[in-house]
Amino acid sequence: MHVRLPRHPARHLAPACALLSLALFLPSASAAADAATVATPELQQLKQQQPPQDADARIEALISRMTVQEKAGQLSLYGPADIDTPNNPQAGWRNAQQETADVRAGRLTGLFNNAGLEGKRRLQQIAIKESRLGIPLIFGADVIHGFRTMFPMPLAEASSWEPALAERTARAAAVEATADGFRWTFAPMVDIARDARWGRGLEGVGEDVFLAKQFAAARVRGFQGTDLSRPDSMLATPKHFAAYGAAEGGLDYNVSDISERTLREVYLPPFRAALDAGALSVMSAFNEISGVPSTANPALLTGVLRDEWKFRGFVVSDYTADEELVEHGYAANPREAAKQAFMAGTDVSMQSGLYMRYLPDLVASGEVPMSRLDEAVRRVLRVKQKLGLFDDPMRGLDGLPAAQRAENPEFISLARESARRSIVMLKNERMLLPLPKAGTKIALIGPFAEGTIDLMGAWSLFPGQSAPVGIDQGLRNALGPNSSVNVVRGSGIESALPGGIEAAVAAARDADVVLLAIGESQKMSGEARSRSDIGLPQAQQDLAEAVAATGKPVVVLLSNGRAMALKGAVRNARAILVTWFLGVQTGNAIADVVFGDFNPSGRLPVSFPQTAGQVPYYYGHKRTGRPSPESAPDTAFKTRYVDATNEALYPFGHGIGFSPVRYDSVELSSERMPLSGTLRVRATVTNTGTREAEEVVQLYIAERAASVTRPVRELKGFRKLAIAPGASEVVEFTLTADDLSFIGRDMKPIVEPGEFDLWVAPSAASGIRKRFVLTRE
């Protein structure tokens with residue numbers, strides 16, 4: 001990487017951005033005894049030589065007995081055998097016989113996305129009974145938004161603005177996945193995504209750094225639990241390190257050409273938050289930055305992670321990312337690719353097999369020091385030790401398969417709660433919603449009207465998952481047996497249906513209100529699902545226009561994995577609900593909101609642009625020397641498009657409920673804040689409606705002048721609070737100098753005295769504005 005990074009203070013096309021499930025626990029005496037009976041004689045001897053509590057000494061003794069080939073094996077991770085991956089041409093195909101031989105010979109450290117307990121049990125028994133040193137395997141998986149119980153996609157859940165909710169759903173996912181033998185998850189994805197064309201934005205938290213940091217830490221805590229020694233804890237793996245979400249043109253796997261300042265201010269902080277929360281595994285990214293692919297970037301993987309942040313876990317490559325250094329034009333051949341990735345700081349190779357193939361010879365030739373090899377192995381074995389795998393290798397492998405276990409009613413209830421809290425109501429003209437449960441004829445129209453797997457979203461990989469509750473079923477569940485809901489698809493997701501529009505128009509004319517269920521399919525967002533057009537497919541737009549022409553009021557139910565450019569009848573509908581991909585309880589959650597059993601409280605974690613031509617669009621942009629004035633947006637020779645204003649259609653943070661909320665006043669503890677002091681901000685918010693409201697009160701700041709230009713706004717805090725009808729609530733924030741810091745010219749954090757603007761607001765585009773001055777004392 002050619003930008004200066006000081007050294008001081010996606011995997012997956014096939015199944016796999018994988019991570020390590022770490023659980024550190026103290027086994028019972030019986031569990032320890034059972035493990036000892038199956039360990040190899042050599043491993044038993046090691047345990048006798050080193051007291052069980054001296055984990056480091058045990059690991060060092062083990063490393064001293066390992067061959068170079070066995071060490072390389074501990075740094076090699078593979079997907080399940082007998083699954084060909086034609087869409088991933090670099091992925092090596094392996095059969096079950098080879099897989100078994102590799103385990104017996106100590107040529108792999110673990111497997112990922114290998115569904116089923118029987119196969120895991122068999123391979124773990126081979127590893128601990130038949131391999132020379134008996135080192136247990138680790139099983140990882142892409143547990144992105146649930147394992148058996150599927151929760152909303154992470155971007156949807158970020159709309160709740162409730163990190164504690166994300167922590168609870170991650171905890172539930174870990175409980176279910178560890179019961180199926182998985183101890184490592186390739187999540188959370190903490191990439192900032194500011195270009196809606198990029199398909200993988202639905203795996204993250206959106207465009208804002210502050211919000212992303214809160215959710216990154218919460219999800220790590222959820223996956224890993226309060227104690228890694230517990231058997232239901234999974235090792236979390238923040239990914240993709242780094243700046244994967246900055247892909248040019250929103251095109252997946254593309255280059256990320258950004259400055260070091262942008263890297264440090266925008267893309268690195270969520271990773272630091274995840275590591276500070278306890279994550280011990282990091283996944284490198286597919287992309288390059290400034291000409292250096294991330295998987296072979298020592299400034300990132302060693303300079304930032306090790307030297308600056310003192311990270312003690314291990315780095316795993318994304319799916320064949322080390323081998324792809326050749327396709328990048330960075331390595332001349334696979335051997336050189338293995339050397340570059342390993343010496344840069346990538347400890348574990350996923351799927352390519354390059355480390356097993358080339359590391360022994362690279363060590364023999366002196367190109368890779370034995371000390372570097374030992375350190376990488378040490379990092380992996382420490383994690384396995386913390387997971388308790390040496391003391392109880394069969395933990396999590398002795399229960400019933402996921403498909404045979406009864407659904408956990410608490411997790412189903414949590415899925416419904418998470419889903420309805422993820423819904424964002426963008427508009428509700430003349431209070432069309434909520435609909436009454438009696439006396440209203442409803443036409444449910446659109447390709448998502450009936451139950452469909454598309455409602456689940458991407459990364460629904462594992463057996464035993466229930467089909468999502470369809471929107472039609474959710475409405476009927478809410479209305480009872482005498483419901484009046486006429487369901488008509490009207491069109492396919494991307495193509496017209498014979499007679500579909502005619503049937504939809506007839507249903508609309510016969511109804512009092514239309515619920516228009518439209519959006520993206522499961523395969524239109526996700527990995528390798530970048531879109532150049534972020535609008536609705538034409539077939540659905542035509543359907544919307546025809547239904548709107550009937551004059552009946554329309555409520556849009558938008559299923560989507562990204563911010564979309566809405567137009568025509570969809571944009572002009574009287575009510576719009578962004579329902580994202582909500583998981584297994586989709587229909588029930590939507591019905592809860594539509595009929596008013598739940599007051600919508602979601603807020604956008606991404607900005608919805610007016611047109612696709614505005615992307616990448618994000619609220620925290622810079623001013624430029626010729627900003628377009630708010631009072632005269634058509635002024636020439638300013639930073640503006642000739643055919644659109646610079647504002648979002650729906651800004652970051654926007655969302656409304658059934659009761660209007662008014663921001664009455666903002667008070668500062670002082671107009672001057674010393675560097676060593678604090679500033680208290682108090683705001684009064686009033687519910688002027690007749691129903692309880694849930695409001696997300698947001699705090700933004702902007703420095704007017706600094707040695708490095710600053711964004712027009714930056715989120716620095718938020719509070720979500722319930723307000724009774726007619727009541728007022730006082731919200732308080734406290735700002736410190738750290739909240740006002742930025743990356744200076746020397747690439748180090750700095751705080752500069754000066755004038756600041758402050759907003760307490762319901763979104764990034766509104767609010768009550770105040771001014772204060774930061775002084776040296």
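These legends describe close-up views of a predicted model. Local features need pLDDT of at least 70 and side-chain atom pairs count only at pLDDT 80 or more, while totals for chains, interfaces and linings use all residues. Residues are numbered from 1 along each chain as its sequence is written, and side-chain values use heavy atoms, with hydrogens and water left out.

**View A. The open sheet of six strands.** The strands follow the order E10-E15-E14-E13-E11-E12, with mixed pairing. Strands (E, at least two residues) and helices (H or I, at least four) are DSSP runs numbered from the N terminus, and two strands pair if DSSP finds at least two bridges between them. Strand E10 (424-428) and strand E12 (485-488) are the edge strands, each pairing on one side only. From one strand to the next, the twist averages 15 degrees.

**View B. Helix H18 on the sheet.** Helix H18 (residues 471-479) packs on the sheet and touches strand E11 (442-445), E12, strand E13 (513-519) and strand E14 (554-559). Contact means heavy atoms within 4.5 Å. The direction of H18 makes about 175 degrees with that of E12; axes are lines fitted to C-alpha atoms, for helices over the stretch in contact, and angles run from 0 to 180 degrees between N-to-C directions.

**View C. Strand E15 and its two partners.** E10 and strand E15 (residues 575-578) run antiparallel and are joined by four bridges. E14 and E15 run parallel, also with four bridges. Ala575 in E15 is the bridge partner of Asn428 and of Val555, and Met425 stands opposite Leu577. Ala575 and Leu577 point one way from E15, Ile576 and Val578 the other way, and all are buried (under 20% relative accessible area; exposed is over 50% and partly exposed lies in between, with a 1.4 Å probe and protein chains only).

**View D. Ser294 in a loop.** Ser294 lies in the loop between strand E7 (292-293) and helix H12 (298-308). Its relative accessible area is 0%, so Ser294 is buried. Beyond its neighbours within four places in sequence, Ser294 is in contact with residues including Phe241, Asn287, Glu288 and Leu300.

**View E. The second largest pocket.** Its volume is about 1,100 Å³, the space filled by probe spheres set on grid points joined across faces, edges and corners. Of the 33 lining residues, His621, Glu630, Asn646, Glu647 and Val712 are the closest to the centre of this pocket. On a 1 Å grid over the protein atoms alone, a pocket is an open set of points with protein on both sides within 12 Å along at least five of seven lines, and lining residues have an atom within 4 Å of a point.

How values were computed:
1 Å grid on protein atoms, 1.4 Å probe; cavity = no way out; pocket = protein on both sides within 12 Å on 5 of 7 lines; lining within 4 Å.
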